[in-house]
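Please look over the model below before reading on. My notes start with the whole protein and end with one residue.

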Amino acid sequence: MSEKLKVGILGGTGMVGQRFISLIENHPWFEVTSIAASPRSAGKTYAEAVGDRWKMATPMPEAVKNIVVMNVNEVERVAAGVDFVFSAVDMTKDEIKKIEEDYAKTETPVVSNNSAHRWTPDVPMVVPEINPGHMDVIKFQRKRLGTERGFVAVKPNCSIQSYAPVLTAWKEFEPYEVVATTYQAISGAGKTFKDWPEMVGNIIPYIGGEEEKSEKEPLRIWGEIKDGVIVPAQSPVITCQCIRVPVLNGHTAAVFVKFKKQPTKEQLIEKLVSFSGVPQELKLPSAPKQFIQYLEEDNRPQVSLDVDYENGMGISVGRLREDTVYDWKFVGLSHNTVRGAAGGAVLCAELLKAQGYITKK
C-alpha cells in the first residue's frame with residue numbers, strides 16, 4: 001500500500017488539469033488515483049477522454065492513461081477514494097463555488113486553481129513564500145462549513161506572480177504606488193497556437209477580468225486575519241494593464257514603483273536574491289531553492305531563456321533602474337501554468353500537508 005496521499009484531479013482533462021497530472025507524476029508525497037471531469041468524459045479512460053488534446057511538452061504519464069474518468073458532479077463517489085483534490089474545473093463562478101464547497105463538506109480538502117473562492121473571506125489565497133500564515137483562517141472556514149477535515153484553499157491569479165513577490169521582498173522600503181503592465185501567454189487562456197492561430201503575430205490588449213485581479217489580489221495576500229476573515233491591506237495602490245501576447249508560456253511584467261523610503265539599487269537586488277520563505281525552510285518538494293533570481297544583462301529576463309527557472313517555480317527579475325517619474329522600474333517573469341497555476345497549487349498542498357491540514361483519510 002502506497003504511503004503517498006491519494007489525489008483526485010477535478011477538471012483533469014483541461015490544460016491546467018493536465019499540468020497537475022504531469023507535475024505529480026513522480027511526486028514524493030502525492031499520487032493521482034482519481035480523475036474527474038465533465039459527464040461527456042466520464043466512463044472513458046483518461047487517454048480516451050483527452051485524445052489528441054494532450055497539451056504538455058512531456059508525454060502523458062503511463063500511470064494515468066487507464067484511469068477511468070469519473071463524473072465530477074458525483075461528489076461523494078469521487079471524494080470516497082481520495083485524501084484531497086486539486087480543482088481545475090471549467091464551470092461558472094457560482095457552480096465552482098458550490099462544487100468546491102460540496103467536496104469540502106465530504107471532509108475532502110480542496111486546493112483550487114480557480115478564481116471563484118479567491119474573495120471568500122475565510123478561504124486562504126496563498127503564495128506559500130509570502131503568506132503561509134493565512135492558512136490559519138481554515139479553522140474559521142471549517143466552522144462555517146461544519147467540517148472537521150474539509151476546507152477550500154486557493155492560489156492567486158497567474159498574472160501577479162511576476163511582481164507581487166518582488167514587492168513583498170521590498171516591503172521594508174514601503175512601496176506605496178505601483179504601475180504594472182503584464183504581457184501574458186496564451187496558455188493562460190488554456191490555449192496553444194494550434195487552438196488559437198489568430199494569436200500568431202498578434203497582440204490583444206484585453207483579458208477579461210484580469211486587470212481587477214492584478215490590482216486587488218496582491219492586497220489580499222498582504223492582508224491579515226481579523227475576526228475569522230482575511231482583511232486586505234490598503235497599500236500599495238496598484239494600477240494595471242493586461243495584454244495577451246503571442247507567447248506560449250510565461251507572463252512578463254513591466255513595473256514602476258514609488259517608495260516612501262529610498263533604497264539603493266544594491267539594496268533592492270540584495271533583498272530579491274536573499275528572499276525566501278517557509279517552503280525553502282521546510283525544503284518542500286516543489287519549492288525553488290532560490291525563489292527570485294536577478295539577471296544583470298540588459299536583455300533579460302527572456303521567456304525563451306528564463307521561463308523554466310527552478311523548474312518553472314522561480315521568478316526572474318531584470319532591468320532594475322531608476323525612473324524619471326517613479327522611483328524604480330523593473331521587468332519580472334514567471335511561468336504562468338507552473339508557478340502561476342498548477343505548480344503554485346501543488347506547493348500550497350505541500351505546505352498544507354506540512355502544516356497538518358492535509359492528512360490521510
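1. **Surface.** Keep in mind that this is a predicted model. The protein exposes about 15,300 Å². Carbon and sulfur atoms supply 50% of that area.

2. **Burial.** Of the 361 residues, 58% count as buried.

3. **Overall size.** The C-alpha trace spans about 60 × 50 × 35 Å along its principal axes. The radius of gyration is 20 Å. A compact globule of 361 residues would have a value near 21 Å, so the two agree.

4. **Secondary structure.** Count the elements along the chain. The protein has twelve helices and 14 strands.

5. **Contacts along the sequence.** Residues 24 or more positions apart account for 76% of them.

6. **Charges.** The protein carries 43 positive and 45 negative charges. Their mean positions are 2 Å apart.

7. **A closer look at Q293.** Where does Q293 sit? Its place is in strand β12, which covers residues 292-295. Is Q293 buried or exposed? Its relative accessible area is 15%, so Q293 is buried, given that buried means under 20%.

8. **Neighbours of Q293.** Leave out residues up to four places away in sequence. Q293 then touches D306, Y309, I315, S316 and V317. With which of these does the Q293 side chain make a polar contact? The partner is the side chain of S316, at 2.8 Å.

Methods: Residues are numbered from 1 along each chain as its sequence is written. This is a predicted model: local features need pLDDT of at least 70, side-chain atom pairs count only at pLDDT 80 or more; totals for chains, interfaces and linings use all residues. Side-chain values use heavy atoms; hydrogens and water are left out. Helices (H or I, at least four residues) and strands (E, at least two) are DSSP runs, numbered from the N terminus. The radius of gyration is taken over C-alpha atoms; the globule rule is 2.2 Å times the number of residues to the power 0.38. Buried means under 20% relative accessible area, exposed over 50%, partly exposed in between (1.4 Å probe, protein chains only). Contact means heavy atoms within 4.5 Å. Accessible areas come from the Shrake-Rupley method with a 1.4 Å probe; for residues, only the protein chains shown count as cover. Lys and Arg count as positive and Asp and Glu as negative; His and the chain ends are not counted. The place of a charge is taken as NZ of Lys, CZ of Arg, CG of Asp or CD of Glu. A polar contact is a pair of N or O atoms within 3.5 Å; within protein, one must be able to donate a hydrogen and the other to accept it, and residues adjacent in sequence count only if both atoms are side-chain atoms.
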